[in-house]
Amino acid sequence: MSQNHFTLSFPLKSPADAKAVAEQLPPLMPSLFQATDAVGRVHYSRFTVLSETTLLFLGDFDGEFGQLMADLARLSGPVFDAILGHVDNPPPTPVAANMDAFVKWTAVHLVHAVNLYTAYPDVTAREIKALASAADVSGAGELHPFLVILPIKSYLHFIAVQLILRARGRGTTKDLDSVGTPHFAQFVPLENNQIGFFTVYDGSFNKYIADFTKNIGQVFDLIFKFTKNPPPSPCRKHLQEFIDFAAGANRVPIGFYQAYPGLSVQDIHALIADSKPQPASGR
């Protein structure tokens, strides 16, 4: 599987810098999206402010992280120069002229996911775009990023949650496949004993949460045993409370890049199936 995920953590100098970078980033997104299209290996990406001292950059991509960061530095250096002006101990700028230093810095600030889910692990972003173009299919669906931050009660509980998630890796993949609308999903350990659950999904928020609760609610029932101020469990019996909790814990994304806008999971599966050679009929 060539697909991967990155959560890149930018340590900000102050709360004022967190506010400033949140205001500066939105106008820069069109140039970043154009550069990302040119790179051609990113499925989805988005920023979000995690706290007064941390900005997160998240993405689902093909290939190697270091090469991706080098390409983004080369093609959209001014975006990262603007961010790094608010970062504590940043690499040298402009990043386009200091790519090696930027790549090394991002490798140090990369946060590794506990587990990774993809609905279509065997195709690249370029291949999906090519399949859609060849079939003359344009996406008409509605996609959203979901950025939920779960505050865990203590460091020991934080470690326990990660062990549970690792142990349930294949089961979680099967559960997410059953939901049918998530494109990518990750559980990511974050600062201050927090667990991030990051997905890109099809359709409305309430329907997604309802389907999600039915198919993967038991994973969250386990996590909620270690979470501060959780909703009532089991999730499937307290759907509205879980919807309200998820809405409250969801962070606002800054920019949402989509390599193939509007294509649903089912659209992509259909394109992949149609592209495969059909067996010859025999007598």
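T7 is found in strand β1, which spans residues 3-11; strands here are DSSP runs of E with at least two residues, helices are runs of H or I with at least four residues, and both are numbered from the N terminus. The model is predicted: local features need pLDDT of at least 70, side-chain atom pairs count only at pLDDT 80 or more, and totals for chains, interfaces and linings use all residues. Residues are numbered from 1 along each chain as its sequence is written, and side-chain values use heavy atoms, with hydrogens and water left out.

The relative accessibility of T7 is 0%, so T7 counts as buried (buried means under 20% relative accessible area, exposed over 50%, and partly exposed in between, with a 1.4 Å probe and protein chains only). Leaving aside neighbours within four places in sequence, T7 is in contact with L56, F57, L58, H109, L110, V111, V188, L190 and F198, where contact means heavy atoms within 4.5 Å. The side chain of T7 also forms a polar contact of 2.8 Å with that of H5 (a pair of N or O atoms within 3.5 Å; within protein, one must be able to donate a hydrogen and the other to accept it, and residues adjacent in sequence count only if both atoms are side-chain atoms).

T53 lies in the loop between β2 (42-51) and β3 (54-62). With a relative accessible area of 39%, T53 is partly exposed. Not counting residues up to four places away in sequence, T53 touches F10, P11, L12 and E191.

The helices come next. Two packed helices are described by the angle between their axes and the distance between the axes. Helix α6 (residues 169-179) and helix α7 (residues 205-224) have axes that come within 9 Å and cross at roughly 160°; axes are lines fitted to C-alpha atoms, for helices over the stretch in contact, and angles run from 0 to 180 degrees between N-to-C directions. The two helices are therefore roughly antiparallel to each other (under 35 degrees counts as roughly parallel, over 145 as roughly antiparallel, 65 to 115 as roughly perpendicular and the rest as oblique). On the α6 side, T172, D175, L176, S178 and V179 meet Y208, D211, F212, N215, I216, Q218 and V219 of α7.

Helix α7 also packs with helix α8 (residues 239-249): their axes come within 10 Å and cross at roughly 90°. That makes α7 roughly perpendicular to α8. Among the residues making the contact are F205, I209 and F224 of α7 and L239, F242 and A247 of α8.
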